[in-house]
Amino acid sequence: MSEKDILILAIESSCDETAAAVVRNGREVLSNVISSQIELHKLYGGVVPEIASRKHIEKINQVIEEALAVAGVSLDDLDAVAVTYGPGLVGALLVGVAEAKAISYAKKLPLVGVHHIEGHISANYIENKDLEPPFICLVVSGGHTHLVRVKDYGEYEILGRTRDDAAGEAFDKVARAIGLGYPGGPKIDQLAKEGDPDAIAFPRGKIDDSPYDFSFSGLKSAVLNYLNGCQMKGEPVIRANVAASFQKSVTDVLVEHAMMAVRESGLNKLAIAGGVASNGALRAAMEEACAENGIRFYRPSPILCTDNAAMIGAAAYYEYIKGVRHGLDLNAVPNLKLGER
Ligand code: KG4
Ligand code: ZN
């Protein structure tokens, strides 16, 4: 390791994944351990916050030990400890924040609090060593749908956001309505491969006065109305067609808005991030649109799109080298805004 290498232990516990990673110089992942609670929450059809917090407490120490072991480093080798402190479930966030503060205190390590969405965006730096701001990023997760201009490391301008449901939320709700269970995104992604995306004409949500904003609740209602209509008429529901047509409706809008933002920004680079960015149809549609328009397209591997700690380590590095440090009074902020410290 050279003199100036910066080694960060990153911790993520904002929702239902307990994760820890060791990241060198922001872009080199030495370990990325994720303990998912999905099986546990499946029983209830969604994440139960209290169960999530308790499970994080059970898992966090072993996840961190494994991350250090896989990376072949000890706490003494680290330059900083980083942790997601918002947005997310407050009880879940607190587990990671308390753990990071304990390590910071015990080992006299600088503490860097990271915004979860900044983490998702920064996942793009890991496999694309040439990617540097400025660029446009579409963030599509279970809780957020943001079109962001990444002006510099840690500097963001939100161009558009959802007015109601997040894209991932729409996937989860529609999946539940057609009996696919939780988490819905990957299940719709899978089932849609067998369906016809043009079978059912679902609406493309638009906000008249603000072209970069999104709305998915009308689409969700249209799917529910369609299912009701089939039931009333005694017609069979071809679930694969519903999944494919719904997915097409979401991806069409995401692609259209992203293309418009890139074109008008004058920047020629688009990245996608967040759990929904692992969707096969979205990745393919975005790739095609970017190729047609001569735009460079960046997307993290699917495992770096859904929640993980490597992305937190990537974001933390750029905060760290800017001199951002948090004190032991760092608290979980469930509704932390992007760009806030
Ligand atoms: O980023 P993420 O792991 O957690 C949040 O920060 O919210 O995103 C989770 C969301 C869930 O709504 C999940 O259904 C969705 O991402 N998702 C997908 C896929 N994989 C995960 N949506 C569509 N297609 C997928 N393959
Ligand atoms: Zn996330």
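Domain bounds here come from an automatic or database domain assignment, and for this chain that assignment gives domain 1 (7-122 + 305-321) and domain 2 (133-300). The model is predicted, so that local features need pLDDT of at least 70 and side-chain atom pairs count only at pLDDT 80 or more, while totals for chains, interfaces and linings use all residues. Residues are numbered from 1 along each chain as its sequence is written, and side-chain values use heavy atoms, with hydrogens and water left out.

Taken over C-alpha atoms, the centres of domain 1 and domain 2 lie 27 Å apart.

| Domain | Residues in the contact |
|---|---|
| Domain 1 | 17 residues |
| Domain 2 | 21 residues |

The two domains bury about 1,500 Å² between them, 72% of it on carbon and sulfur atoms; buried area is the accessible area (1.4 Å probe) that two parts lose on being put together, summed over both. Of the area that domain 1 buries against domain 2, Ile117, Ile121 and Cys305 supply 41%, more than any other three residues.

Between the domains there are 0 salt bridges, a salt bridge being a side-chain nitrogen of Lys or Arg within 4 Å of a carboxyl oxygen of Asp or Glu. On the side of domain 1 that touches domain 2, at least two residues each come from α1 (38-42), α4 (116-127) and α11 (310-322), the helices being DSSP runs (H or I, at least four residues) numbered from the N terminus. The largest share of that side, 4 residues, is supplied by α4.

Key. Chains are lettered from A and ligands numbered from 1 in the order in which they are written. Contact means heavy atoms within 4.5 Å.
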